[in-house]
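Please look over the sequence and the model shown here. A short report on the fold follows, section by section.

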Amino acid sequence: MAGQSRKWMILVVTIWIQAFTGTNFDFSSYSSRLKSVLGVSQVQLNYLAVASDLGKVFGWSSGLALMYMPLWVVLFMSAFMGFIGYGLQWLVIREIITLPYILVFLLCLLAGCSICWFNTVCFVLCIRNFPANRALALSLTISFNGVSAALYTLIADAINPSSSALYLLLNALVPLIISFMSLIPILRQPSLDPLPSDAVGRDSLIFLILNIVAVITGVYLLTGSTSSDTASARLLFGGAVFLLFLPLCIPGIVYARAWFRQAIHSSFCIAGSSFILVDDDDLELHKELITREASIHENGLRHLISNNGSSYGLTRHKAEGCCESIVGRHQLAMLGEEHPVKLLVRRLDFWLYYVAYFCGGTIGLVYSNNLGQIAQSLGQSSHTLVTLYSSFSFFGRLLSATPDYIRTKFYFARTGWLTVALLPTSVAFSLLAASSNSIALYSSTALIGLSSGFIFAAAVSITSELFGPNSVGVNHNILITNIPIGSLFYGLLAAIVYDANTRSGYGISMVTHSTVCIGKDCYFLTFVWWGCISVVGLASSFLLFLRTRPAYHRFEHNRIISSQLDL
């Protein structure tokens with residue numbers, strides 16, 4: 001029992017780490033002040049945002065560090081990278097020291113790298129301590145990364161609402177404090193024995209309740225963003241801390257009330273997860289059934305086995321028209337087949353997926369990076385917009401687990417859910433281009449946050465299902481290379497339009513020799529371009545759905561058959 005209690009303590013500290021280390025999401029809260037102090041253009045400010053995203057390119061280094069160093073050492077290396085990266089930027093923005101632009105760029109890069117290292121530590125903690133429910137643990141904890149900006153906004157409002165530089169100081173100190181708080185549970189990780197089936201079910205129920213608590217936390221933070229004075233903000237922050245500590249009580253309550261599990265748990269299907277739909281046993285049976293199906297129906301279908309052993313196939317002999325040719329050519333035969341890098345980059349499905357992510361989730365992230373200047377140009381509060389985006393991104397991440405909870409009642413390919421999730425982004429940018437009033441701005445920000453949050457959380461599961469769970473680490477890191485590329489491309493596009501409008505008469509010179517753009521035209525063309533690009537992502541995801549839908553349906557059909565045989 002002691003080991004079981006310690007593993008839940010590990011989960012809670014992992015939630016804390018994730019909740020306070022999404023420091024890249026509050027960039028827009030201090031970006032205008034940073035731009036003013038450095039006296040740089042919007043294009044140069046965009047490069048600093050790109051530098052933070054470039055840290056993801058070096059995320060592999062954290063895995064390498066874990067091969068040679070204890071987990072707690074890697075945790076504190078992450079914390080001190082962020083402490084140095086954000087701490088020196090705080091000194092710059094307070095004008096205590098002066099650094100050249102290139103060094104500020106490198107500090108942003110170091111701070112971005114620390115976020116990836118924190119994420120790796122959290123992933124390892126979940127996998128080690130929840131082998132039977134590791135995917136549920138991952139989906140829950142990674143969701144809290146999306147609420148970081150809302151938490152930091154609440155803390156800043158509780159201390160000094162008028163100081164944008166405070167965000168950098170908080171980004172430097174808070175993750176370090178959380179790391180010290182997490183040290184003892186991490187050092188005392190239990191050696192867990194395999195869980196019996198009833199214990200696995202009980203743990204699944206606990207995760208369901210924790211997800212409900214997470215939703216309550218998100219709603220609370222969203223409503224708390226409207227605090228107008230310091231005293232109210234402090235009170236609201238106290239409530240947020242209580243909600244972050246509340247998960248410590250849930251496992252004990254569930255263990256003590258077994259009858260509650262019998263009454264509620266049977267109503268939900270917790271099997272599967274938002275990260276790894278294909279477990280080893282189902283995958284082996286699925287492969288065997290696919291082989292039999294291919295031999296029986298060889299007159300109508302052909303199973304293409306490439307020289308490297310990939311089982312892409314099950315395509316029609318004849319395709320009618322260009323569209324059907326694209327959809328039917330080299331379709332995915334089964335879910336969960338491992339794809340090495342050389343095979344991965346030759347697959348049309350991967351590039352459709354890459355384009356969908358690049359034109360969907362990434363464009364939403366770049367929008368959040370520009371919220372400071374967008375709010376400034378339209379005369380709105382950047383703090384409110386950042387909290388709104390952060391909260392709805394959090395809800396989107398939690399919603400990514402919904403397909404698994406409703407699986408028995410309504411089954412839909414996860415790539416289809418990806419298409420549905422991309423739709424709000426296109427709608428939001430159309431709304432932003434059509435109107436500049438506050439209702440349109442707030443509604444669009446919420447839609448983009450919801451959409452991008454869902455995509456960020458669901459991407460790991462889609463990668464594991466389409467290209468193999470054992471290769472997900474490498475393959476997903478290849479996928480997210482689109483984030484720094486998109487950050488550079490989309491951010492540069494926005495910065496060029498912004499600076500062009502500044503020179504066209506919409507600019508206002510500041511005392512610090514920096515010029516800001518005021519008015520709807522500052523981002524109008526950017527919203528139009530981003531909206532058109534998001535439609536490309538929507539089309540790409542829909543094509544991916546059409547190509548992978550047979551494999552998803554075949555897997556679900558075989559799973560149902562195997563469950564009936566077990567009965």
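## A helix pair

Which residues in α17 meet which residues in α18? Ala-356, Tyr-357 and Phe-358 in α17 meet Gly-361, Thr-362 and Ile-363 in α18. Contact here means heavy atoms within 4.5 Å. The residues of this contact divide into 4 nonpolar, 2 polar and no charged. Ala, Val, Leu, Ile, Met, Phe, Trp, Tyr, Cys and Pro count as nonpolar, Asp, Glu, Lys and Arg as charged, and the others, Gly among them, as polar.

The axes of α17 (residues 348–358) and α18 come within 4 Å and cross at roughly 20°. Axes are lines fitted to C-alpha atoms, for helices over the stretch in contact, with angles from 0 to 180 degrees between N-to-C directions. α17 and α18 are therefore roughly parallel to each other. That label covers angles under 35 degrees; over 145 is roughly antiparallel, 65 to 115 roughly perpendicular and the rest oblique.

α18 (residues 361–369) is mostly covered, with 9 of its 9 residues buried. Buried means under 20% relative accessible area, exposed over 50%, and partly exposed in between (1.4 Å probe, protein chains only). Among the buried residues of α18 are Leu-365, Tyr-367 and Asn-369.

## Model and confidence

This is a predicted model: local features need pLDDT of at least 70, side-chain atom pairs count only at pLDDT 80 or more, and totals for chains, interfaces and linings use all residues. Residues are numbered from 1 along each chain as its sequence is written, and side-chain values use heavy atoms, with hydrogens and water left out.

The protein averages a pLDDT of 78, and 77% of the residues score at least 70. pLDDT is the predictor's confidence in each residue, from 0 to 100. Among the elements, helix α5 (residues 71–93) has the highest mean pLDDT, 93. Helix α14 (residues 280–296) has the lowest, 49. Two stretches deserve a separate mention. pLDDT stays under 50 over residues 267–278, for which the model has 52 contacts beyond four places in sequence. It also stays under 50 over residues 291–320, with 60 such contacts.

## Overall make-up

The protein has 26 helices and 2 strands. Helices (H or I, at least four residues) and strands (E, at least two) are DSSP runs, numbered from the N terminus. Of the 567 residues, 57% count as buried. Residues 24 or more positions apart account for 82% of the contacts with a separation of 6 or more.

The protein exposes about 23000 Å². Carbon and sulfur atoms supply 67% of that area. Accessible areas come from the Shrake-Rupley method with a 1.4 Å probe; for residues, only the protein chains shown count as cover.

## Around Leu-418

Leu-418 lies in helix α22 (residues 414–434). Leu-418 is buried, with a relative accessible area of 4%. Not counting residues up to four places away in sequence, Leu-418 touches Tyr-353, Ala-356, Ile-455, Ile-462, Ser-541 and Leu-544. Ala-356 also takes part in the contact of α17 with α18.

## Two buried loop residues

Asn-24 lies in the loop between α1 (2–20) and α2 (27–38). Asn-24 is buried, at 9% relative accessible area. Beyond its neighbours within four places in sequence, Asn-24 is in contact with Ser-52, Asp-53, Lys-56, Tyr-86, Ile-115 and Asn-369. Asn-369 is also one of the buried residues of α18.

Lys-56 sits in the loop between α3 (42–54) and α4 (60–66). Lys-56 is buried too, with a relative accessible area of 19%. Outside four places in sequence, Lys-56 is in contact with Asn-24, Cys-116 and Ile-483.

## Backbone and surface

Most residues other than glycine have a negative phi. Phi of Glu-95 is near 60°, a positive value in a residue other than glycine. Glu-95 lies in the loop between α5 and α6 (101–129). Glu-95 is exposed, with a relative accessible area of 57%. Just after α2, Gly-39 takes a positive phi of about 65°.

Thr-402 is found in helix α21 (residues 402–405). At 29% relative accessibility, Thr-402 counts as partly exposed.
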